[in-house]
Amino acid sequence: MNGHRGGVIYMTGLSGAGKSTIAALLEHRLQALGVRTCVLDGDVLRRGISRDLGFSDADRIENARRVTEVARLMVDAGLVVIAALISPFRSERQSARDRFAPGEFIEVFVDAPLAVCEQRDPKGLYKRARRGEIPAFTGIDSRYEPPARPDVHVDSASSTPQQAVEALLAAASMIGITPDVQPCGPADRAHCQTAA
């Protein structure tokens with residue numbers, strides 16, 4: 001009915017790495033291709049279905065579980081879901097992957113060094129965390145476990161959001177989630193790498 005399969009593009013990375021920016025651009029590109037899509041942004045969900053959760057390890061895991069279950073329902077309805085959340089623990093990301101069939105889940109590491117994220121700091125969260133106003137802030141006093149083998153690794157410190165989107169479109173196309181699109185050009189592949 002949709003002309004495409006459902007699937008989830010699951011973006012993880014530190015606050016300020018560029019997940020939300022990439023997600024918004026990717027959604028726009030997918031919609032232009034006729035792909036029915038929805039963005040699940042961690043910050044937005046924290047104000048809604050996860051507003052009762054704090055930032056303990058257990059609450060972070062529960063937040064990711066809720067996002068995964070919402071994504072599962074949407075994928076079952078044939079949508080391509082773009083999830084953009086910190087999702088700091090490898091175990092929770094593996095649990096998310098396990099809820100989907102092979103070919104339905106793309107893990108994307110939006111990778112930027114902590115120093116770069118602190119320099120960007122669009123919401124001033126790192127400054128507040130450094131002053132002790134936000135306890136258990138990921139990357140400062142709460143750990144982030146980078147993906148060991150992400151399906152797509154985006155170096156957002158040295159590539160543009162547009163380059164990241166091209167890499168994600170190529171990865172989704174390769175496993176049949178989206179229509180065929182042109183992959184990243186040779187100059188972009190150093191920054192936007194898909195796992196072999």
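Predicted model: local features only at pLDDT ≥ 70, side-chain atom pairs only at ≥ 80, totals over all residues.
Residues are numbered from 1 along each chain as its sequence is written, and side-chain values use heavy atoms, with hydrogens and water left out. The protein chain has seven helices and six strands (DSSP runs numbered from the N terminus: helices are H or I with at least four residues, strands are E with at least two).

**Overall layout**
- Going along the sequence, the pattern of the protein chain reads β-α-β-α-α-β-α-β-α-α-β-α-β.
- Of the 196 residues in the protein chain, 47% are buried (buried means under 20% relative accessible area, exposed over 50%, partly exposed in between, with a 1.4 Å probe and protein chains only).

**Nonpolar cores**
- A nonpolar core here is a set of buried Ala, Val, Leu, Ile, Met, Phe, Trp, Tyr and Cys residues joined through side-chain atoms within 4.5 Å.
- The largest one holds 33 residues, and Met11, Ile22, Leu26, Ile106, Val108 and Val152 have the most contacts inside it.
- At least two residues of this core come from each of strand S1 (7–12), helix H1 (19–32), strand S3 (80–84), S4, H6, S5 and helix H7 (161–174).
- H7 gives the largest share of this core, with seven residues.
- Another core lies apart from it and has 14 residues, including Val8, Tyr10, Val67 and Ala71.

**H1 against H7**
- The axes of H1 and H7 come within 9 Å and cross at roughly 55° (axes are lines fitted to C-alpha atoms, for helices over the stretch in contact, and angles run from 0 to 180 degrees between N-to-C directions).
- That makes H1 oblique to H7 (under 35 degrees counts as roughly parallel, over 145 as roughly antiparallel, 65 to 115 as roughly perpendicular and the rest as oblique).
- The crossing of H1 and H7 is right-handed, that is, the near helix is turned clockwise from the far one by less than a right angle, with anticlockwise being left-handed.

**Aromatic contacts**
- There are four aromatic pairs in the structure (ring centres of Phe, Tyr and Trp, the last by its six-membered ring, lie within 6.5 Å; planes under 30 degrees apart are stacked, over 60 edge-to-face and the rest tilted).
- Phe109 and Tyr144 make a stacked pair, 6.1 Å centre to centre with 25° between the planes.
- That pair links distant parts of the chain, 35 residues apart: Phe109 is in strand S4 (residues 105–111), while Tyr144 is in the loop between helix H6 (125–130) and strand S5 (152–155).
- Phe109 is buried at 8% relative accessible area, and Tyr144 is buried too, at 15%.
- Tyr126 and Phe137 pair edge-to-face, at 4.9 Å centre to centre and 80° between the planes.
- Tyr126 sits in H6 and Phe137 in the loop between H6 and S5, 11 residues apart.
- Tyr126 is buried at 1%, and Phe137 is buried at 9%.
- Tyr10, Phe100 and Phe105 form one aromatic cluster.
- The charged end of Arg46 sits over the ring of Phe55, 4.1 Å from its centre (NZ of Lys or CZ of Arg must be within 6 Å of the ring centre and within 35 degrees of the ring normal).

- Ser87 is not a glycine, but has a positive phi of about 45°.
- Ser87 is in the loop between S3 and helix H4 (90–98) and is buried at 4% relative accessibility.
- Ala136 also has a positive phi, near 55°.
- Ala136 is in the loop between H6 and S5 and is partly exposed at 28%.
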